[in-house]
Amino acid sequence: MKSLYRKILIVFGWIFVGLGIIGIFLPLMPTTVFFILAAASFARSSEKFYNWLINHPRFGKIVKSYMEQRGIPRKSKIIAITMVILTIGSSAVFFTSGLTLRVLLAIIAFGVIAYLLSLKTVDVAESD
């Protein structure tokens, strides 16, 4: 039973990695969240895959700092908040016409920004 549980977590981990990669190219799809979910899955199932993910040259530092210190570097926080404002803001202004949908997008944006601001800001030296 434990072996099946590990295999399921590995499958979910790779699904989350795939979704994270898709999120790199799709503006409203989260990226880091999926990599963090992948790391959580791998941490419980495969040390090899977990180490690969947290040591990845592109997104490993952010995932590692979140997993180990429950925080993200200041630069990543600024980029994430800016991207939320730009993508959700442009969607609300240019691609929707209904007030209800615009309000819903604003609520989502404020929720994501509030969460990002609530995370500990980790110095780059701490996250290495």
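Visitor: Leaving aside neighbours within four places in sequence, which residues is Ser-45 in contact with?
Guide: Those are Arg-6, Leu-9 and Ile-10. Keep in mind that this is a predicted model.

Visitor: Where is Ser-45 found?
Guide: Look at the loop between helix H2, residues 32-43, and helix H3.

Visitor: Is Ser-45 buried or exposed?
Guide: Ser-45 is buried, because its relative accessible area is 4% and the cut-off for buried is under 20%.

Visitor: And what lies 2.8 Å from a polar atom of its side chain?
Guide: For Ser-45, that's the backbone oxygen of Ser-41.

Visitor: OK, switching to the helices. At what angle do H1 and H3 pack?
Guide: About 20°, and their axes are 11 Å apart. H1 covers residues 2-25 and H3 covers residues 47-54. That angle makes H1 roughly parallel to H3, because anything under 35 degrees counts that way.

Visitor: Is the crossing left-handed or right-handed?
Guide: The crossing of H1 and H3 is left-handed.

Visitor: Which residues meet there?
Guide: From H1 you have Ile-10, Trp-14 and Val-17, and they meet Phe-49, Trp-52 and Leu-53 of H3. By class, this contact has six nonpolar residues, with no polar and no charged ones.

Visitor: Let's move on. Where does Met-67 lie?
Guide: In helix H4, which runs over residues 60-69.

Visitor: What is Met-67 in contact with, again leaving aside neighbours within four places in sequence?
Guide: Met-67 is in contact with Ile-36, Ala-39, Ala-40 and Tyr-50. There's also a C-alpha separation of 12 Å between Met-67 and Leu-119, which are 52 residues apart along the chain.

Visitor: Which residues in H4 are buried?
Guide: Gly-60, Val-63, Ser-65 and Tyr-66 are buried in H4. Just after H4, Arg-70 has a positive phi of about 50°.

Visitor: Now zoom out for me. How many helices and strands does the protein have?
Guide: Seven helices and two strands. Along the sequence, the pattern reads α-α-α-α-β-α-α-β-α.

Visitor: What does the C-alpha trace span?
Guide: Along its principal axes, about 50 × 35 × 20 Å.

Visitor: How much of the protein counts as buried?
Guide: Of its 128 residues, 34% do. As for contacts with a separation of 6 or more, 58% come from residues 24 or more positions apart.

Key: Residues are numbered from 1 along each chain as its sequence is written. This is a predicted model: local features need pLDDT of at least 70, side-chain atom pairs count only at pLDDT 80 or more; totals for chains, interfaces and linings use all residues. Side-chain values use heavy atoms; hydrogens and water are left out. Axes are lines fitted to C-alpha atoms, for helices over the stretch in contact, and angles run from 0 to 180 degrees between N-to-C directions. Helices (H or I, at least four residues) and strands (E, at least two) are DSSP runs, numbered from the N terminus. Angles under 35 degrees count as roughly parallel, over 145 as roughly antiparallel, 65 to 115 as roughly perpendicular and the rest as oblique. A crossing is left-handed if the near helix is turned anticlockwise from the far one by less than a right angle, and right-handed if clockwise. Contact means heavy atoms within 4.5 Å. Ala, Val, Leu, Ile, Met, Phe, Trp, Tyr, Cys and Pro count as nonpolar, Asp, Glu, Lys and Arg as charged, and the others, Gly among them, as polar. Buried means under 20% relative accessible area, exposed over 50%, partly exposed in between (1.4 Å probe, protein chains only). A polar contact is a pair of N or O atoms within 3.5 Å; within protein, one must be able to donate a hydrogen and the other to accept it, and residues adjacent in sequence count only if both atoms are side-chain atoms.
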